[in-house]
Amino acid sequence: MAVVAADALIASHAEKFQKNRTPTLQGVDPHLDPAMNDIVEEALRATDLSKGVVLDGYPASKIQGDFLTGLLDMKQVVVIHLSVADDVVRKRLKKQDGRDIEQELKDYHREFDFIRTYFPEADIQTVDGTKSPAQVAKRIRKVLDSRPK
C-alpha cells in the first residue's frame with residue numbers, strides 16, 4: 001500500500017508554502033496551508049492507488065476534506081485512527097522545542113471530530129497507538145484484511 005505523508009510532502013516542497021513566500025508571516029502551520037491540496041493531488045496522481053493509499057496527516061482541515069472528496073471515492077475509505085491518550089502525547093513530545101503541544105492537541109481533536117461527521121460512510125477503525133510498532137502494524141493488517149475485496 002502506498003503512503004502519502006504530509007510531513008514528507010512539506011519537507012520536499014518547502015518553497016510552496018505561504019510562510020516561506022511571506023517571511024514576515026509567523027505561525028502558519030504548513031499542514032493547514034492551502035498549498036497542501038495541490039501537493040497532495042500531485043502525489044496521489046503520481047502514485048499507484050490500486051492497492052490503496054495511506055494518507056498520513058492529511059486532510060488536516062475541513063477545507064482539505066472538501067478538496068479530498070473531489071479526488072477520491074470516500075465510500076471505500078478506511079480511516080485508521082491511531083489512538084494515543086493526550087498525556088502520552090505530551091510525554092512523548094515534551095522535549096521538542098518550539099511546539100505548542102496543547103494547541104496541536106486542540107487542533108487534532110477538533111479536526112478529527114469533523115472527520116466522523118464529514119465522512120459518515122468512511123469505515124473508521126481505532127487502533128491503540130501505544131502498542132509496539134509490530135503490534136500496531138499487525139492490528140492494521142487485520143483491519144485491512146477483513147475488508148471486502
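Contact here means heavy atoms within 4.5 Å. With that in place, I'll go through a few local features of this structure, which is a predicted model.

I'll start with Asp128. Leaving aside its neighbours within four places in sequence, Asp128 touches Ser83 and Val136. It sits in strand β4, which covers residues 123-128. Is Asp128 buried, exposed or partly exposed? Its relative accessibility is 34%, so Asp128 counts as partly exposed. Its side chain also makes a polar contact with the side chain of Thr130, at 2.5 Å. One more distance for this residue: His81 is 47 residues away from Asp128 in sequence, and the two are 8.3 Å apart in space, C-alpha to C-alpha.

Next, the aromatic rings. How many aromatic pairs does the structure hold? There is one. That pair is Tyr108 with Phe112, and it is stacked, with 6.0 Å from centre to centre and 15° between the planes. For the stacked label, the planes have to be under 30 degrees apart. Both residues belong to helix α6, residues 101-118, and they are four residues apart, about one turn of the helix. As for accessibility, Tyr108 is at 37% and therefore counts as partly exposed. Phe112 is at 10%, so Phe112 counts as buried. The cut-off for buried is under 20% relative accessible area.

Staying with α6, I'll turn to its packing with α4. Two packed helices are described by the angle between their axes and the distance between the axes. Helix α4 takes in residues 62-69, and it packs with α6 at an angle of about 35°, the axes being 10 Å apart. The crossing of these two helices is right-handed. Which residues of α4 and α6 meet? From α4 they are Lys62, Gly65, Asp66 and Thr69, and from α6 they are Glu111, Phe114 and Tyr118. By class, the residues of this contact divide into three charged, two polar and two nonpolar.

Where is Pro59 placed? Pro59 is in the loop between β2, residues 53-56, and α4. The peptide bond leading from Tyr58 to Pro59 is cis, with omega near 0°.

The cis bond is the one from Tyr58 to Pro59.

Key:
Residues are numbered from 1 along each chain as its sequence is written. This is a predicted model: local features need pLDDT of at least 70, side-chain atom pairs count only at pLDDT 80 or more; totals for chains, interfaces and linings use all residues. Side-chain values use heavy atoms; hydrogens and water are left out. Buried means under 20% relative accessible area, exposed over 50%, partly exposed in between (1.4 Å probe, protein chains only). A polar contact is a pair of N or O atoms within 3.5 Å; within protein, one must be able to donate a hydrogen and the other to accept it, and residues adjacent in sequence count only if both atoms are side-chain atoms. Rings of Phe, Tyr and Trp (its six-membered ring) pair if their centres lie within 6.5 Å; planes under 30 degrees apart count as stacked, over 60 as edge-to-face and the rest as tilted. Axes are lines fitted to C-alpha atoms, for helices over the stretch in contact, and angles run from 0 to 180 degrees between N-to-C directions. A crossing is left-handed if the near helix is turned anticlockwise from the far one by less than a right angle, and right-handed if clockwise. Ala, Val, Leu, Ile, Met, Phe, Trp, Tyr, Cys and Pro count as nonpolar, Asp, Glu, Lys and Arg as charged, and the others, Gly among them, as polar.
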